[in-house]
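Let us take a walk through this protein together, from the overall layout of the chain down to a few individual side chains. Keep the sequence and the structure in view as you read.

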Amino acid sequence: MVRRAAAHSALFCSRVAVCARVGEENFRSVGELSKQYDFVRSVDELNAAKGKVICIDEEMDEAAEEKNLTLLADATRGAIAKLQERSDKGFFLMVEGAKIDYAGHSRCLPGSVIETLSFDLAVAEALKFADSNGETLVV
């Protein structure tokens, strides 16, 4: 509950422009957010959203596999495009591939490998943007 409250506070009080995650239940009780954010249900809908956006794509909760291997990369590409249209002064983007932790803790080598491949595709999207932009640091 503390993490949920902290996330809501961050969204209300900050300049967060794009949030892509799972867990619709984390946002149900916060009707006020809909006044500030456009909610979409798929990474594919990020570009169509107006203004600040929260993307709740439940597919992001699934472990990476062949059918959704590019999902994190797609979310990264969509977030970069959305952030670019908001400002020409630059932006900060954090991308996390969280399922690799689950695979590692459960000693699941195939899961670790496929999660790494998925994250590698997301990093490649960030690097493509950095190469074309010339003023971007990817850490």
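Which pattern does the chain follow, read along the sequence? The pattern is α-β-α-β-β-α-α-α, and the chain has five helices and three strands. Helices here are DSSP runs of H or I with at least four residues, strands are runs of E with at least two, and both are numbered from the N terminus. A word on what you are looking at: this is a predicted model, in which local features need pLDDT of at least 70 and side-chain atom pairs count only at pLDDT 80 or more, while totals for chains, interfaces and linings use all residues. Residues are numbered from 1 along each chain as its sequence is written, and side-chain values use heavy atoms, with hydrogens and water left out.

Let us begin with the chain as a whole. Its accessible surface comes to about 9,200 Å², and 54% of that belongs to carbon and sulfur atoms; the areas come from the Shrake-Rupley method with a 1.4 Å probe, and for residues only the protein chains shown count as cover. Of the 139 residues, 32% are buried, where buried means under 20% relative accessible area, exposed over 50%, and partly exposed in between (1.4 Å probe, protein chains only). Among the contacts with a separation of 6 or more, 53% are made by residues 24 or more positions apart, a contact being heavy atoms within 4.5 Å.

Now to the interior. In soluble globular proteins, nonpolar side chains tend to be buried together. The largest nonpolar core in this chain has twelve residues, among them Ala-17, Val-18, Val-40, Leu-46, Val-53, Cys-55 and Ala-79. Such a core is a set of buried Ala, Val, Leu, Ile, Met, Phe, Trp, Tyr and Cys residues joined through side-chain atoms within 4.5 Å. Both β3 (53–56) and α3 supply at least two residues of this core, and the largest share, four residues, comes from α3. A second, separate core of five residues includes Leu-33, Tyr-37, Ile-54 and Ile-56.

How far apart are the end C-alpha atoms of α5? They are 36 Å apart, which agrees with the 36 Å that its 25 residues should span at 1.5 Å a residue; the expected span is 1.5 Å times one less than the number of residues. An α-helix has 3.6 residues a turn, so residues three or four places apart point the same way. The buried residues of α5 include Ser-118, Ala-122, Glu-125, Ala-126 and Phe-129, and the buried residues of this helix pack against α3 and α4.

Ser-118 counts as buried because its relative accessibility is 5%, and beyond its neighbours within four places in sequence it is in contact with Ala-64, Leu-69 and Leu-72. Glu-125 also counts as buried, at 11% relative accessibility. Not counting residues up to four places away, Glu-125 touches Ala-73, Thr-76, Arg-77 and Ile-80, while a polar contact of 3.0 Å joins its side chain to that of Lys-128. A polar contact is a pair of N or O atoms within 3.5 Å; within protein, one must be able to donate a hydrogen and the other to accept it, and residues adjacent in sequence count only if both atoms are side-chain atoms.

Rings of Phe, Tyr and Trp (its six-membered ring) pair if their centres lie within 6.5 Å; planes under 30 degrees apart count as stacked, over 60 as edge-to-face and the rest as tilted. By this rule there is one aromatic pair. The rings of Phe-91 and Phe-129 have centres 5.6 Å apart and planes at 35°, so the pair is tilted. Phe-91 lies in the loop between α3 (71–86) and α4 (99–105) and Phe-129 in helix α5, so the pair ties together parts that are 38 residues apart in sequence. Phe-91 is partly exposed at 31% relative accessibility, whereas Phe-129 is buried at 12%.

Finally, look at the two ends of α5. In the loop between α4 and α5 lies Arg-107, which has a positive phi of about 55° although it is not a glycine; Arg-107 is exposed at 79% relative accessibility. Towards the other end, Ser-132 is exposed, with a relative accessible area of 59%, and a polar atom of its side chain lies 2.9 Å from the backbone oxygen of Phe-129. The helix is followed by Gly-134, whose phi is positive, near 80°.
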